Amino acid sequence: MGKLAYIIKSFRHYFMANLLVALGVAISTAVITGGLIIGDSITYSLEQTTHYRLGKTTHAISSNGRFFRQEIANEMQGGLDVAPAFISEAVAVAGGGEKRANSVQVVGVDGSFEKIAGSNFYSGLKKNEVIISQNLAEKLEVTVGNSLLFRVKKDGLVPHNAPFVSDGETHVSYRATIKAIATENKLGRFSLKNAQAAPYNVFMPIGRVNELMGFEGKANTLLIHSELDESQLLQIFQEAWKPADANLVERETGNREYEIYSERVFIEDAISHNLGKVPGADMILTYFVNSIGKEGNTGVKTPYSFVSTLPNDVLNENQIIINQWLANDLKARKGDTLKLAYFTMGPLRKLLNDSSLFVVKDIKPMEGKFADGSLMPSLPGMSDAGDCDEWEAGIPIDLELIRDKDEDYWDTYKGVPKAFISQSVAHKLWANRFGNYTSIRFDGQSFNKEKLESFFGEHIHPTSLGFFADPVKKRGLTAAQNGVDFSQLFIGLSFFILAAAIILSILLYLLHLESRYTQIGTLDTLGFKHAQIRSLFTIEGLFISICGALLGSGLAITYTELVFSALNGLWVDIVRTNVLFIYIKPATLLLGFIISILISVGVFTWAVNKKLKQQASNVQRKITQQEKKWVAGFKKGIAILFLGLSVLVVSWQLALSEIQNAGMFFMAGGLMLISLLLIFHGFLFSNPHLKKHLFNISYLTRNNLKRNRGRSFSIVILFALATFLVVSTGANKQDIFSKAHEKTSGTGSFLFFVKSTVPVLFDLNDPQKRLEEGLPGGFKAVQFRKVDGDDASCLNLNRITNPAILGADPTHLEGHFSFVKGSEELNLQTPWQSLNQDLGNVTPAIADQTVIQWGLGLKIGDTLFYQNEIGDTLKLKLIGGLAPSIFQGYVIIGNQHFLENYPSSSGSSVFLIDGDEKQKQVISEGLGLNFRDYGWEAVEAPQRLAEFYSVTNTYLSIFLALGALGLILGTIGLAVILSRSILERKDEIALMQAIGFKNIQVFKIIVMEYSFLLAAGIFIGLLAAVLATLPSILSPNTDVSLQTILLLIAIIISNGLLWIALLTKTSLNNKELIANLKRE
Amino acid sequence: MLQLKNIVKSYGVPGTSSHHIVLDGLSFQIGNGEKVAVIGPSGSGKTTFLNMAGALDIPDKGKILFEGILLAGYTKNEMAEFRNKQLGFIFQMHHLLPQLTLLENVLLPLLPSGKNRQKENLEWAEHLLQASGIWKQRNQKPSELSGGECQRTAVVRSLVNKPRLILADEPTGALDEENAGKISELLLNLNAENNSSLIVVTHSQPLASHMDKLYTLQGGKLIAG
């Protein structure tokens, strides 16, 4: 007989006992492996979602708010699959307005989209046909053949907030028939954003989208399938790009000049700076002024005129050259001082009145350059106006001021500038964030189209105009792979069930070992070295572990299936997607298998070692070892230290700290738990000093508890842990609504959080505008500019790198919301004002601390990197972390910094609405009605916050549910120990019977013993849990009720007592035991 | 061969009522092939004495020498090796492993030294089983046999390694008179065949009478006769 034979024989002989231990191992394997499989599956599902939403797209080239030639897609070399797309937003309406979906993504595509979709599903889409995504069809309850009305956001080539741009149309309506419904396999989930939730999509012909916008042949995104990297793709893009892609238009003027102007009205600095270097380049800035009049003479003023520029060497800073018509009108002469009154653009199209004085240097006849109508920029709403009263200039035009002679001038000369000032002065007065010049002229002899294109391709890089190649596929897959770690999460959430399973395995194994005590002693006596004994038992333990782990691996799949069915239903709040696949990697099964085996073999070896430390003679004689004095002393010391620390932490937090940190309380609770358990352990090892009058049932019970300290302690640990976790989890749910009216709460005391599909271009607080738009009164709005990005809230499982940015006016937010963390740059007195600081090459930013920590995986002081609209890297330094708020998912920066980086950003699409709570309904309905076609989506602020909290609460529910499973395991542990102990104590019971104890008395003694352990465990767990959740319990805003806690405790106690009574009764009625008793 | 010099062993905490001295300056020696019986009332320390002699316990004071070598100098592993090679143990209870057959139980002491596959050892084990009259039952498990048969197996097991010294703690204590006689006979016969030394702690007068020397353990010391 060899060692292996010995081990196999032992394994077979103790098969039933081994099977029980293996079951414990199986449960822990199921929890560990299940957790790992869940993590893999979520990652795999997110990866699949990335494939579903991108199709074959690997990269996207775009620039914030810019439109370029659709044709460039065909011109790009390098064997790429490129499809132009026009991506916009819309509100979809069905059933005559009964059904409505906001934030619908419009995707204008052409035949080349096949390359991305991988099928011809999108080919042959007619002008009034659309393909909609399945979720939109479900939302609107429509199907193929139905008709839908879309209110598509009206995009313009000119940024909406640029000076003199009409804000007339914000959207255009479009009715179309549904040709098909796109499922996820047909790119129905198409989105360039990293999120597992699918957007509502409508696919329409790109030509039709262009028509709706009044464009021709434009796109705003190139969808690319390529193996090349971003810089290579941008290089190819640059090689193909033409001035028209930067919205430049070239023409020859009547003066044999070659002129470049921009469809965006103002030419960006990145272009003008470079083209200005061409020899002979004449930089022109033509501006629309409200009036020109003689200084001091209030009588005659020439209204609404264009003023252009001349080179600096022609005019001094205060000089002006006027044309003859103006001189006549004003009766102005050389040397007269003229006053130019004009508007400049403030935030949210706020017009600021300004004026400047100039001395007339010369009066020019209406000829040549001074009669050149092409100097007037191409302003939609003005350039094409027949009469002055048709002007749509984006500024208030007082038609009363327009005289017949002004109409005649317009009829004759159109926008011929009436006056000229120096370039440098014009630049100083009217240059704005959209650009510095309205046109650039060159000598037609030396500069032409070919030279422009060559110069353009060589000197102007797409990135300088905000173009960037986004590796969407790589970024998506990285975000999926680094997203919320569900492996850790579920192993963490299953902590108690795992702990209970491991403790149960140890317990069962120790019980099994106890039955083999004498065997260990015999082997020791026979000369087996400890290492040999250990190896025999360890290998046998390995056999048990392998069986348990194999069984557990199967159970893990069932466990995963159960969790996934819950995630698809009850717990959907934490995943928010229906694309969930169970993905089992053999490597994961193996990993879970190995981890479980390592853990179980580890604990088995520990148990064997523990027994081997006892001397062979004692093992033979079943003498249990007394705890060494220094060990007892050490434990006592630790217990006192932890107890002291927990009291200290709680006292400090309650008495001295301004902000009570929930984490500190939880730590204090944990320390208290360990401390009390150690004290109880010490009690089990204490030597009772018998006093005669104290010899009673209670004394007997106490002594019996010490009969097998390990078992007694295990029961206490199990129930202490169960109580601690269940009570502390139950006590952590917070009531969002009771605190919502407070300024410092997560709602900031605002009534509504609003998102609009179409940006609102004006100031909602402007009384004049309110009157014009018919808005209700009684509210105050805080408006935010927005740069689109990924959703970084806890509703998105992906690891986000570029969350959406909000531009805010810090003044409006001061005093609202609470900060939980801040860097040294955060001014604690006026934290929001810190957003206006100039920190050099970084921009201060604030976000929810939960977003920073979990959504972004960063910390305060870290930096987020974006490419801004002007091609630079925008570095956002996180200087403040907010307590959970309605800003989840966004990063907030100051308006000033926002506009520096995104100058063409127009309007607001995120709002906070404040007002009288009683007027809530009126305000909501009034605004909702007015902005119906903007895709106005108002959510009550507490409701929005509650949605985020629903994630936390779902996690707590999962924890409770898995904790309950753990409690069941704990109860099984109790049952096993109880049955075993009663069997082992048959001699003692026989003796008690012999000396006259009645059965009921024996029953009482045993029930008392185990009830004491149960009570001790629950008491320890409860005390620690109360300490851990003290802030929640003490808070007036909590819904933690004493009844809830008592109910939980009552359930745990009843469950424990029921099993104790039932098992004791059953065991005492056991026929074998009675037979034993009789024999004894 | 084995010498115990001035052995002191006590239990409990010194200075408290729980403290009591079991062996108090006990000295003893046994030569090659010698057979010694130790008797004494319950609680006199017979088992403690045997544990000391068998290197299963450590004395508070005194020296234990085997062939002139101090056992206290051995490491745990050396001590285990010593027990395996030089000593054979028989207890009042047989302590056979329930998962093994009789033959396997007998072969068990060969396992630590890896001698379990050596032909001569297997033949020796078979011989012992035959000599003890339990050859037929060799493939049965302890649970299928009587107490006497199990105790015989325990005797055989103690001899399988051909030890120099056998230590028997009440080997017949749990058996009826008939079986006790058989076991005593077996123990003496096999011991004679193996030429081992033998220390028997016993209450059994018949067994004690077959020994070369008889000691009584009293007051923590061994008294001859």
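What follows is a working chat about a predicted model with chains A and B.

Reader: What should I know about numbering and cut-offs here?

Author: Residues are numbered from 1 along each chain as its sequence is written, while chains are lettered from A and ligands numbered from 1 in the order in which they are written. The model is predicted, and local features need pLDDT of at least 70, side-chain atom pairs count only at pLDDT 80 or more, and totals for chains, interfaces and linings use all residues.

Reader: What is the mean pLDDT of chain A?

Author: The mean is 84, and 90% of the residues of chain A reach 70 or more. pLDDT is the predictor's confidence in each residue, from 0 to 100.

Reader: Where does pLDDT stay under 50 in chain A?

Author: Over residues 619–624. The model has 11 contacts beyond four places in sequence for that stretch. Two residues are in contact if their C-beta atoms, placed from the backbone, lie within 7 Å.

Reader: How many helices and strands in chain A?

Author: Chain A has 33 helices and 31 strands. Both are DSSP runs numbered from the N terminus: helices are H or I with at least four residues, strands are E with at least two. The C-alpha atoms of chain A fill a box of roughly 135 × 60 × 55 Å along the principal axes.

Reader: What share of chain A is buried?

Author: Buried residues are 49% of the 1080 in chain A. A residue is buried if 20 or more other C-beta atoms, placed from the backbone, lie within 10 Å of its own, exposed if 12 or fewer, and partly exposed in between. Of the contacts in chain A with a separation of 6 or more, 83% are between residues 24 or more positions apart.

Reader: Which residues touch the most other members in the largest nonpolar core?

Author: V716(A), A847(A), I892(A), I913(A) and V38(B), in a core of 245 residues. Helix α15 of chain A, residues 495–514, gives the largest share, 16 residues. A nonpolar core is a set of buried Ala, Val, Leu, Ile, Met, Phe, Trp, Tyr and Cys residues joined through C-beta atoms within 7 Å.

Reader: And what does I892(A) touch?

Author: Leaving out residues up to four places away in sequence, I892(A) touches L806(A), A808(A), L835(A), A845(A), I846(A), A847(A) and F887(A). There is also a second, separate core of 131 residues, which includes I284(A), L315(A), C388(A) and F434(A).

Reader: Which strands pair with β24(A), and in what sense?

Author: β23(A), residues 779–787, pairs with β24(A) in the antiparallel sense over three bridges, and β29(A), residues 890–894, runs parallel to β24(A) with five bridges. Two strands pair if DSSP finds at least two bridges between them. R785(A) stands opposite G807(A), and A804(A) has Y890(A) as its bridge partner in β29(A).

Reader: Why is β24(A) called largely enclosed?

Author: Because four of the five residues of β24(A), residues 804–808, are buried.

Reader: New topic: α11(A). Which residues are buried there?

Author: Q423(A), V425(A), A426(A) and W430(A), in a helix of residues 423–430. Down the axis of α11(A) they fall within an arc of 160°, so they line one face of the helix. The arc is that of the directions from the helix axis to the C-beta atoms. Among the elements covering them are β13, β14, β15 and β19 of chain A.

Reader: Over to the interface. How many residues are in contact?

Author: 22 residues of chain B are in contact with 21 of chain A. On the chain B side, α2 (76–86) and α3 (102–107) each supply at least two residues, and α2(B) gives the largest share, six residues. That side divides into 11 nonpolar, six polar and five charged. Nonpolar means Ala, Val, Leu, Ile, Met, Phe, Trp, Tyr, Cys and Pro, charged means Asp, Glu, Lys and Arg, and the others, Gly among them, are polar.

Reader: How much of α1(B) is buried?

Author: Eight of the eight residues of α1(B), residues 46–53, are buried.
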